Amino acid sequence: MKPFFVLIKCELGKAYEVANAIADAEIASEIYSIAGDFDLLVKFYLEDGQDVGKFMNEKLHAIPGIRDTRTIITFKAF
């Protein structure tokens, strides 16, 4: 399984709703509220060979209240 992280910018006042929707969908390993340019930092795992873009479009971007995302692909854990 490959981990990747997504920074999520939410519509104003929607961060908790978005975080709860992600948690309810059971698609994330970890969800954190953060300060700065983005509102949430979320860790996901996909099976080797699964398409990250398809996952993002079908599972994450379908959640109401998400305004922008930045995906961080990982290579190796130390």
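User: Does lysine 43 count as buried or exposed, and at what relative accessibility?

Analyst: Buried means under 20% relative accessible area. In this predicted model, lysine 43 has 16% relative accessibility, so it counts as buried. The residue lies in strand β3.

User: Which residues is lysine 43 in contact with, leaving aside its neighbours within four places in sequence?

Analyst: Pro3, Phe4 and Phe5 are among them, and so are Ala28, Ser29 and Glu30. There is also a polar contact: the side chain of lysine 43 meets the side chain of tyrosine 45 at 3.1 Å.

User: Now helix α1. Which of its residues are buried?

Analyst: Val18, Ala19 and Ile22, within a helix that spans residues 15-25. Look down the axis of α1: the buried residues fall within an arc of 100°, so they line one face of the helix. Tyr16 and Asp24 are exposed, on the face turned away from the buried side.

User: What covers the buried residues of α1?

Analyst: The cover includes strands β1 (2-10), β2 (30-33), β3 (40-46) and β4 (66-73), along with helix α2 (52-60). Just after α1, glutamate 26 takes a positive phi of about 55°.

User: In what order do the elements of the chain run?

Analyst: From the N terminus, β-α-β-β-α-β. The radius of gyration is 12 Å, close to the 12 Å that the globule rule gives for 78 residues, so the chain is as compact as a globular protein of that length.

User: What share of the contacts with a separation of 6 or more comes from residues 24 or more positions apart?

Analyst: 68%. As for burial, 27% of the 78 residues are buried. The chain exposes about 5,400 Å², with 51% supplied by carbon and sulfur atoms.

Methods. Residues numbered from 1 in each chain as written. Predicted model: local features only at pLDDT ≥ 70, side-chain atom pairs only at ≥ 80, totals over all residues. Heavy atoms only, no water. Buried < 20%, exposed > 50% of the residue type's maximum accessible area, 1.4 Å probe, protein only. Helix = DSSP H or I, 4+ residues; strand = E, 2+ residues; numbered from the N terminus. Arc of directions from axis to C-beta. Contact = heavy atoms within 4.5 Å. Polar contact = N/O pair within 3.5 Å; in protein donor to acceptor, adjacent residues only side chain to side chain. Rg over C-alpha atoms; globule rule 2.2 N^0.38 Å. Areas by Shrake-Rupley, 256 points an atom, 1.4 Å probe, with all protein chains shown as cover.
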